[in-house]
Amino acid sequence: MPLSEKARIEVYLPDLPRQAYADLLNALDQEFTYTFGGSTIIRGLDGSYLSQPGLRIRDRVNLIYTDTPFAFDDNFGLISRYADTLRGAASEALQEEAILVVALKVYHSSG
């Protein structure tokens with residue numbers, strides 16, 4: 001069976017013990033589940049990033065992702081706008097310096 005191309009959307013959120021972070025993760029879980037049929041959350045990943053002043057910041061992050069039914073290349077504009085909307089919503093909900101939203105091409109086995 002041939003592989004089918006899909007677009008995956010990933011959102012990396014800081015893993016902090018504040019209600020706003022839990023609320024956003026829950027909201028994204030609901031958004032992805034009702035829009036695309038499901039989501040996966042991987043909690044407590046170790047990460048680091050370079051802050052705007054140039055300091056290395058170590059943090060823990062949660063990753064939530066979903067696979068859309070859309071072919072990546074054929075729907076690049078739509079996927080890009082959706083990713084930008086997610087990043088804007090996450091930035092508004094959290095007072096974070098960096099929120100990473102990723103869109104990538106994945107292939108599912110069709111059998």
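**View 1. Strand E2 meets strand E3.** Strand E2 covers residues 40–50 and pairs with E3 in the antiparallel sense, over nine bridges. The model shown here, as in every view, is predicted. E2 and E3 form a hairpin. Five residues lie between the two strands. In the turn, Gly54 has a positive phi of about 95°.

**View 2. The whole protein, for orientation.** Two helices and four strands make up the secondary structure. Read from the N terminus, the order of elements is β-α-β-β-α-β. Along the principal axes, the C-alpha atoms fill a box of roughly 45 × 30 × 25 Å. The protein has 111 residues, and 31% of them count as buried. Take the contacts between residues at least 6 apart in sequence: 70% of these join residues at least 24 apart.

**View 3. Strand E1 and its two pairings.** Strand E1 spans residues 3–14 and runs antiparallel to strand E4, residues 100–109. The two are joined by 10 bridges. Within this pairing, Glu5 stands opposite Tyr107 in E4. E1 also pairs with strand E3, residues 56–67. That pairing is antiparallel too, with seven bridges. Here Arg8 has Asp67 in E3 as its bridge partner.

View 4. Asp67 sits in strand E3. Is this residue buried or exposed? Asp67 counts as buried because its relative accessibility is 18%, and the cut-off for buried is under 20%. Its side chain takes part in two polar contacts shown here. One joins the side chains of Asp67 and Arg8 at 2.5 Å. The other links the side chain of Asp67 to the side chain of His108, at 2.7 Å. Arg8 is also the bridge partner of Asp67. Leaving out residues up to four places away in sequence, Asp67 touches Ala7, Arg8, Phe36, Val106 and His108.

**View 5. Ile9 and its surroundings.** Ile9 belongs to strand E1. With a relative accessibility of 1%, Ile9 counts as buried. Which residues is Ile9 in contact with, leaving aside its neighbours within four places in sequence? The list holds Phe32, Ile64, Tyr65, Thr66, Thr68, Ile79, Tyr82, Leu86, Val101, Val102 and Ala103. Thr66 is one of these contacts. Ile9 and Thr66 are 57 residues apart in sequence. In space, their C-alpha atoms are 5.5 Å apart.

**View 6. Surface and charge.** The accessible surface of the protein comes to about 6900 Å². Carbon and sulfur atoms account for 51% of that surface. The protein carries 10 positive and 15 negative charges. How far apart are the mean positions of these two sets? The separation is 5 Å.

Definitions and conventions. Residues are numbered from 1 along each chain as its sequence is written. This is a predicted model: local features need pLDDT of at least 70, side-chain atom pairs count only at pLDDT 80 or more; totals for chains, interfaces and linings use all residues. Side-chain values use heavy atoms; hydrogens and water are left out. Buried means under 20% relative accessible area, exposed over 50%, partly exposed in between (1.4 Å probe, protein chains only). Contact means heavy atoms within 4.5 Å. Accessible areas come from the Shrake-Rupley method with a 1.4 Å probe; for residues, only the protein chains shown count as cover. Lys and Arg count as positive and Asp and Glu as negative; His and the chain ends are not counted. The place of a charge is taken as NZ of Lys, CZ of Arg, CG of Asp or CD of Glu. Two strands pair if DSSP finds at least two bridges between them. A polar contact is a pair of N or O atoms within 3.5 Å; within protein, one must be able to donate a hydrogen and the other to accept it, and residues adjacent in sequence count only if both atoms are side-chain atoms.
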